[in-house]
Amino acid sequence: MPIRELYIHFEGHEIAVIAANEHVDEPAVIFIPGVLAPVNFWLACLSDSILTNRRWYSISLPGHQPSKVADDYKPEDVNEDWLNRLYQSVILQLVASRKVVVVGHSTGGFCALNLAANNFDTLLGVISIAGFYKGNWRGVEGQLTKLAGLGQWAKPIFRLFLAVSRSIPIVQEYMSSLLAFDRKAYNNSATTQKMLVEIQDNMQGQNLANLFPLFNRISGLDIYSKLDAINVPVTVMAGSHDPVINALQSLRLAGAIKQSNLVVFDQAGHMPFMERTDQFNAELSTAIDCYINPIQTQGK
């Protein structure tokens, strides 16, 4: 699996990217991680068939290690339009006119849906995993958005909470498990252990202040009114008991998008990679194939 790591420039930011299998002549699969996950999250959470056979890119969220932020980066910068411009710019710099499938988890799912809602014309389709159209979160991540949303005075408390969470391995593991509903499956998953090891260097090197602008603004993100403008197929993947994104939001997402397919992971939460690994791998591969193979067939 040939891999290179690079940075793409956007309005003073340097957005970290992992590029894999660029020799494969097919539409690219773009992965965007969730709000506390670095760019290498996907190396642990994807099946070998995708990791080694597909042309794929993982694009960091802004401010996430090892990405670098603009000197004047502030919460007011972060909105739906800015995120749309950021990901359109980065994708076009990576693949030019090549068609893409965009796969996002949680906040990455929102960013993928946001691209579709703004008619990004290189899109073949979108796969939203525990994604959302409005950032009204619950659980521990919801509490973090509420804390950051209080404003700059809450920033030291926000940073302290994250610093404590990452400094003690057992606390880090416990906090990550709160995103799951089937915590037994999550804790026993080899994918979980691989993921925690894979992301550790980036987690420890993260400048926690750089996460604050996104957390501060997430609760204000809302693209529901744009969902009916989406004109590409969308696969909505959701855990039936997601502790962060209410499953009703996922149902409403699927209902508002004309070409949607809803995949539910029964008795699972926000982390289907670990809670329902076999089902997740099968559903993800099927969805990617459905979006890419018709283009390949037409080109033969």
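Biologist: Which strand is Leu-262 found in, and why is Leu-262 called partly exposed?

Modeller: Leu-262 sits in strand E8. This is a predicted model, and in it Leu-262 has a relative accessible area of 32%. Buried means under 20% and exposed means over 50%, so at 32% Leu-262 lands in between and is partly exposed.

Biologist: What makes Leu-262 part of a nonpolar patch on the surface?

Modeller: A patch residue needs over 30% relative accessible area, and Leu-262 has 32%. Leu-262 forms the patch together with Leu-248, Leu-251 and Val-264, with about 350 Å² of accessible area together. Helix H12 (247–256) and strand E8 (260–265) are the elements that give two or more residues to it.

Biologist: Now helix H4. What makes you call H4 mostly covered?

Modeller: The count does: 11 of its 11 residues are buried. Among them are Phe-110, Cys-111, Leu-113 and Asn-114.

Biologist: Which elements do those buried residues pack against?

Modeller: The list has strand E3 (28–32), helix H3 (80–95), strand E5 (100–105), strand E6 (123–129), strand E7 (234–239) and H12. Just after H4 comes Asn-119, with a positive phi of about 55 degrees.

Biologist: Are Asn-21 and Ala-130 buried or exposed?

Modeller: Buried. Asn-21 has a relative accessible area of 1%, and Ala-130 has 1% as well. The cut-off for buried is under 20%, so both count as buried.

Biologist: And which peptide bond is cis?

Modeller: The one from Gln-65 to Pro-66, with omega near 5 degrees. Pro-66 belongs to the loop between strand E4 (56–59) and H3.

Biologist: How do you know that Arg-4 and Glu-22 meet in a salt bridge?

Modeller: Their N to O distance is 2.5 Å. The rule asks for within 4 Å, so the pair qualifies. Arg-4 is in strand E1 (residues 3–10) and Glu-22 in the loop between E2 and E3, so the bridge ties together parts 18 residues apart in sequence. Arg-4, at 40% relative accessible area, is partly exposed, and so is Glu-22 at 25%.

Biologist: What about Arg-54 and Asp-289?

Modeller: That salt bridge has 2.1 Å from N to O. Arg-54 is in the loop between helix H2 (48–53) and E4, and Asp-289 is in helix H14 (residues 277–298), so this pair ties together parts 235 residues apart in sequence. Arg-54 has 12% relative accessible area, so it is buried, whereas Asp-289 at 28% is partly exposed.

Biologist: How many salt bridges does the rule give?

Modeller: Nine. One of them joins Lys-74 and Asp-77, with the closest N and O atoms 3.1 Å apart. Salt bridges that share partners also link Glu-11, Asp-81 and Arg-85 in one network.

Biologist: What is the average pLDDT, and where is the pLDDT below 50?

Modeller: The protein averages 95, with 98% of residues scoring at least 70. Residues 295–300 fall below 50, and beyond near neighbours in sequence that stretch has three contacts in the model. Where pLDDT is low, predicted coordinates should not be read in detail.

Terms used: Residues are numbered from 1 along each chain as its sequence is written. This is a predicted model: local features need pLDDT of at least 70, side-chain atom pairs count only at pLDDT 80 or more; totals for chains, interfaces and linings use all residues. Side-chain values use heavy atoms; hydrogens and water are left out. Patches are made of residues with over 30% relative accessible area and no salt bridge: like charges are joined within 9 Å, nonpolar side chains (Val, Leu, Ile, Met, Phe, Trp, Tyr) within 5 Å. Accessible areas come from the Shrake-Rupley method with a 1.4 Å probe; for residues, only the protein chains shown count as cover. A salt bridge is a side-chain nitrogen of Lys or Arg within 4 Å of a carboxyl oxygen of Asp or Glu. Helices (H or I, at least four residues) and strands (E, at least two) are DSSP runs, numbered from the N terminus. Buried means under 20% relative accessible area, exposed over 50%, partly exposed in between (1.4 Å probe, protein chains only). Contact means heavy atoms within 4.5 Å. pLDDT is the predictor's confidence in each residue, from 0 to 100.
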